[in-house]
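Thanks for coming. I will go through one structure today, starting with its aromatic rings and then moving to a core, a sheet and a helix.

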Amino acid sequence: MSQIDIPSQFDVLVVGAGAAGLYTALCLPESLRVGLITKETVALSASDWAQGGIAAAVDPEDSPKLHIEDTIQAGAGLCDRAAVEFLAQHAPSCIQSLVNLGVAFDRQGQALALTLEAAHSRRRVLHAADTTGREVTTTLTAQVLRRQNIQVIQQALALSLWIEPETSHCQGISLFYQGKITWIKAGAVVLATGGGGQVFAQTTNPAVSTGDGVAIASRAGAILRDLEFVQFHPTALTKPGADRFLISEAVRGEGAHLIDNEGRRFAFDYHPAGELAPRDVVSRAIFSHLQRTAVDLATAHVWLDMRPIPADKIRHRFPNIIKVCQHWGVDVFHEPIPVAPAAHYWMGGIVADLMNRTNIPGLYAVGETASTGVHGANRLASNSLLECIVFGAQMGEIELENIGLPSETPTLPLRKFSPDASEWQIQQAQLEALREKLPRLVWENAGICREQSRLETAIATIESWQEDFAALPLSQFLLTLRPAEPASFDLPDVERQLGLWAETRNLLDVADLILKSAAFRTESRGGHYRLDYPQADPNWQVHTLVQTHRWWKSPLLS
């Protein structure tokens, strides 16, 4: 990439360029100077991979009230009603805003086409074929690039929050960009970095989903909530060599069947709604069925049969699924698709109120990285894109102090990292080994089914790996940088190596948080299932909160 100078100060910095970050940037007042930071390009995010759609009560036979009740029921007793009401009531106007911006949702005649997904009582999921997320993010990106007040900073990696020591106010971030670490000031920082699916060996998330926002905020003292609740999508394509490509829940909504090797619709053995039971139920049904019937769980799968859906409807609704399956040698018109569960969505995150404010003044969180209370213990299908838009819109109401006033920052000398070549090779190998081992450990010990002794073993391993990581020479250098102290690196392939270091650090922290939160909650609820505590416990109808390694229970908001 060509060298691009970036200002040392913005009014607002938005970290992340998925639906939440893009829409936030668009909704911030145009009088503000906005920096939009993305560690890859503006075209690569989990939102871009969202297939199913975006939920909103726009049909005359539907209502926000029904949407609210469906969301709360899916959330297994942990949704905050006020947040859910806010989400559902603002959904129709937010859909209209997207249409006005140019998002081309599918139509049935003049009306917006709606489909049904699991746990919805009405057809309320808007879609653009089976690439809704791509349609939304592509449209939002085009709008962002037209805005004079927004500067997009691509292939830039946020490393840490810059906290003002006297006031504890977030005043910016440290950023790895163009081979150097710089510090950028801002009146406010908005984290919109998405989820952390890459902490699991099997995930539908793209490679960028490494839990960066949660990890960065956690290290700065943010309060986090409900980190044990991870939604495992029941139907990800499972073929040797293939990424775990998500086969949208809308496929089952349109009539596809889950079958086992004998061709039997086994999901009804586990829930009367069969394939259309809530996601956690369907994932556990598949997991349990495979445990009973499969020889090798690592490659085991069941089958998703799309043949009950009329061929013309498959072509119209699911062209991308057809294309990807075809690439991996599966003809959806004549054979079922091999599928198994994979980590998909993180219900927990940084605690944020209805204005996206966190407990750190000047720090905001939007989208999957936030915990607003709308998802509870298990997200209702297609509420994720909706949350990005509804809460992103709230940033139009932001009130900032000292806007446009340049603040004085001490000028510190540049520090340089120049390791010995052989020492650097050893360090690279250690980092790469950690990055490879970590997702397997978390998948095996905090995946679909969890149990205390396995969680404790995994926690001890992660803590040992964190010590190894902190002892690396690069860690010793980076973790001792003072605020406002710039740094440069005499390293080959520095972008990749710094990215590997930062993402491994974030994944280690995220793994530790998920494992300890899962051990703390001694019950089963929503996306969190304990083999040793298989029932929901009314004493646990509370949120799990954590701040600087301290866990506690918090009652629900009324």
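**Aromatic cluster**

One aromatic cluster is formed by Phe176, Phe417, Trp424, Phe477 and Phe489. Before I go on: this is a predicted model, where local features need pLDDT of at least 70, side-chain atom pairs count only at pLDDT 80 or more, and totals for chains, interfaces and linings use all residues. Residues are numbered from 1 along each chain as its sequence is written, and side-chain values use heavy atoms, with hydrogens and water left out.

Rings of Phe, Tyr and Trp (its six-membered ring) pair if their centres lie within 6.5 Å; planes under 30 degrees apart are stacked, over 60 edge-to-face, and the rest tilted. By this rule there are 12 aromatic pairs. How are the rings of phenylalanine 176 and phenylalanine 489 arranged? Their centres are 6.0 Å apart and their planes at 80 degrees, so this pair is edge-to-face. The pair joins distant parts of the chain, 313 residues apart: phenylalanine 176 is in strand 10 (residues 170-177) and phenylalanine 489 in strand 21 (residues 487-489). Strands (E, at least two residues) and helices (H or I, at least four) are DSSP runs, numbered from the N terminus.

Phenylalanine 176 is buried, at 3% relative accessible area, and phenylalanine 489 is buried at 10%. Buried means under 20%, exposed over 50%, partly exposed in between, with a 1.4 Å probe and protein chains only.

Phenylalanine 417 and tryptophan 424 also form an edge-to-face pair, 6.2 Å centre to centre with 70 degrees between the planes.

**Core**

A nonpolar core is a set of buried Ala, Val, Leu, Ile, Met, Phe, Trp, Tyr and Cys residues joined through side-chain atoms within 4.5 Å. The largest has 83 residues, and those touching the most other members are Ile173, Ile181, Val189, Val199, Leu478 and Phe489. Helix 15 (residues 494-520) contributes the most to this core, 14 residues. Another core, of 45 residues, lies apart from it and includes Ala19 and Leu28.

**Sheet and helix**

Next, an open sheet: four strands in the order 13-16-15-14, paired antiparallel. Strands pair if DSSP finds at least two bridges between them. Strand 13 (230-237) and strand 14 (257-259) are the edge strands, each pairing on one side only. Strand 13 is joined to strand 16 (residues 337-346) by six bridges.

Last, helix 8 (residues 279-293) has buried residues including Val281, Val282 and Ile286. Among the elements covering its buried residues are strand 13 and strand 16.

Technical notes. Contact = heavy atoms within 4.5 Å.
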